[in-house]
Amino acid sequence: MAALFDAAMMRVLHVLDHSLPLHSGYTFRTRAILKAQEALGLEVRGLTSQRHNIEAEWESAREQFDGLTFHRTAGVSSGPMLVREFREMAATSDAIRELAQDWRPDIIHAHSPALNGGAALRAARNLGISLVYEIRAFWEDAAVGNRTGTQGSAKYRLTRSLETQVAARADAVFTICNGLRDDLVARGIPGGKIGVMPNGVDLTLFGEPIPRDDTLASELGIAEGAPVIGYIGSFYDYEGIDDLIAAMPILRRSHPDARLLLVGAGEMDGEWRAAAERLPDPEAIIFAGRVPHSEVERYYSLIDVLAYPRKASRLTDLVTPLKPLEAMAQRRLVAASNVGGHRELITHGETGILFAPDDPGACAQALGELLESRGEWDVLRANALEHVRSRHDWHINARRYLDVYHHLLARTHGDFGSGPLSPDQGLRA
């Protein structure tokens with residue numbers, strides 16, 4: 001059975017909501033996982049659900065981006081609620097089984113939402129392959145957070161129920177943080193089969209930070225020496241940028257030259273622009289809009305403090321974001337609201353600062369104190385970078401997947417029996 005443990009002989013199919021060339025935190029995490037697994041010697045591919053097709057056009061059923069191979073599930077599901085979702089799961093499951101005829105995976109690794117998990121579970125059982133299910137967020141809570149769903153609604157309860165069922169029946173489960181893991185344990189999922197794979201950074205993509213881009217600063221109207229608070233990310237309500245905008249007049253009482261640079265776009269764009277226009281000094285808020293990923297580093301170069309004022313909610317308490325880690329890797333200061341997802345990433349006063357959520361005054365006070373403590377900046381930056389290197393480097397953390405894959409393959413072939421995974425077999429963070 002020694003050959004079974006040779007990573008170079010292992011094929012892993014990742015079942016995804018969407019992928020590159022679309023840009024999102026979801027696709028960047030996927031890219032990092034697949035690249036890290038390839039570096040470990042695994043052969044990996046991705047298969048996207050019909051949801052990818054809503055936002056992207058694709059020319060063939062198999063595409064390559066950034067050296068990675070992705071297969072597309074054809075069509076776009078339609079129909080009333082439940083009918084639409086069951087059709088989507090059936091289409092994804094059929095696509096998995098069709099691909100397996102030519103490219104036989106050893107492991108199916110499905111990533112949330114639960115529709116992917118349900119489709120992959122059906123295919124895995126049909127093919128006799130072990131299923132790993134990874135939860136990046138509870139999508140019923142994400143729908144509440146982005147104002148497309150209501151907590152406690154029929155759709156909310158059905159989505160939650162499907163998530164629980166898939167997690168219970170999967171051979172192994174990963175979550176991106178302890179908040180999600182603890183919630184699953186409270187639902188009765190055995191803790192021994194749930195591992196934590198935290199959000200991470202591909203440090204090979206981050207070199208020395210580039211110098212301040214004076215040309216861009218001039219284009220945006222940012223004077224040299226002016227303190228710049230920044231946010232780079234999606235414009236969803238739960239991100240709390242309205243509180244950050246409201247904090248700026250308070251901050252400018254002690255730091256009159258301070259500017260807020262907002263980079264990104266989304267459903268809240270219009271509301272946040274309107275909120276900025278109502279300020280006594282609207283010129284303090286700069287909306288850069290959506291920028292190409294290749295240009296983002298130029299904007300990082302202008303920002304002194306990256307701020308993440310997420311509102312307190314079930315979503316933000318349970319889920320850790322990716323952007324603060326990327327900011328730390330860019331050697332930027334990080335200030336964030338004191339919600340559960342941020343507390344898993346940031347130690348107050350050591351790797352960044354935390355402030356009370358939903359409170360513009362507390363946000364302004366924390367930012368002001370940080371701007372006045374320039375002598376501590378180098379230590380905070382160094383601590384944050386070391387935290388990312390030691391705890392959130394994908395090329396190190398991805399080995400945990402390999403441990404679990406090996407165990408499942410060995411169990412399938414009768415080496416370890418049929419018992420559940422336990423924390424000392426490589427699942428726990």
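Helices (H or I, at least four residues) and strands (E, at least two) are DSSP runs, numbered from the N terminus.

Please note that this is a predicted model, in which local features need pLDDT of at least 70 and side-chain atom pairs count only at pLDDT 80 or more, while totals for chains, interfaces and linings use all residues. Residues are numbered from 1 along each chain as its sequence is written, and side-chain values use heavy atoms, with hydrogens and water left out.

How many of the 14 residues of α18 are buried? Ten are, so that the helix is mostly covered. Here buried means under 20% relative accessible area, exposed means over 50%, and partly exposed lies in between (1.4 Å probe, protein chains only). Among the buried residues of α18 are Tyr 401, Leu 402, His 406, His 407 and Arg 411. Against which elements do the buried residues of α18 pack? Their partners are β1, α1 (25–39), β5 (107–111), β6 (130–135), β7 (172–175) and α17 (394–397). Contact is defined as heavy atoms within 4.5 Å.

I turn now to the salt bridges. A salt bridge is a side-chain nitrogen of Lys or Arg within 4 Å of a carboxyl oxygen of Asp or Glu. The structure contains 28 of them.

One of these joins Glu 43 to Arg 11, with the closest N and O atoms 3.2 Å apart. Glu 43 belongs to strand β2 (residues 43–48) and Arg 11 to strand β1 (residues 11–16), so this pair ties together parts that are 32 residues apart in sequence. Glu 43 counts as partly exposed at 33% relative accessibility, and Arg 11 counts as partly exposed at 26%.

A further salt bridge is formed by Arg 187 and Asp 183, at 2.9 Å from N to O. Are these two residues buried or exposed? Arg 187 counts as buried at 18% relative accessibility, and Asp 183 is buried at 13%. Both residues also belong to a network of salt bridges that links them with Glu 140, Asp 141, Arg 160 and Arg 314.

Finally, Asp 243 forms a salt bridge with Lys 311, the closest N and O atoms being 3.2 Å apart. This pair links distant parts of the chain, 68 residues apart: Asp 243 lies in helix α9 (residues 241–254), and Lys 311 in the loop between β12 (305–308) and α12 (314–318). Asp 243 and Lys 311 are both buried.
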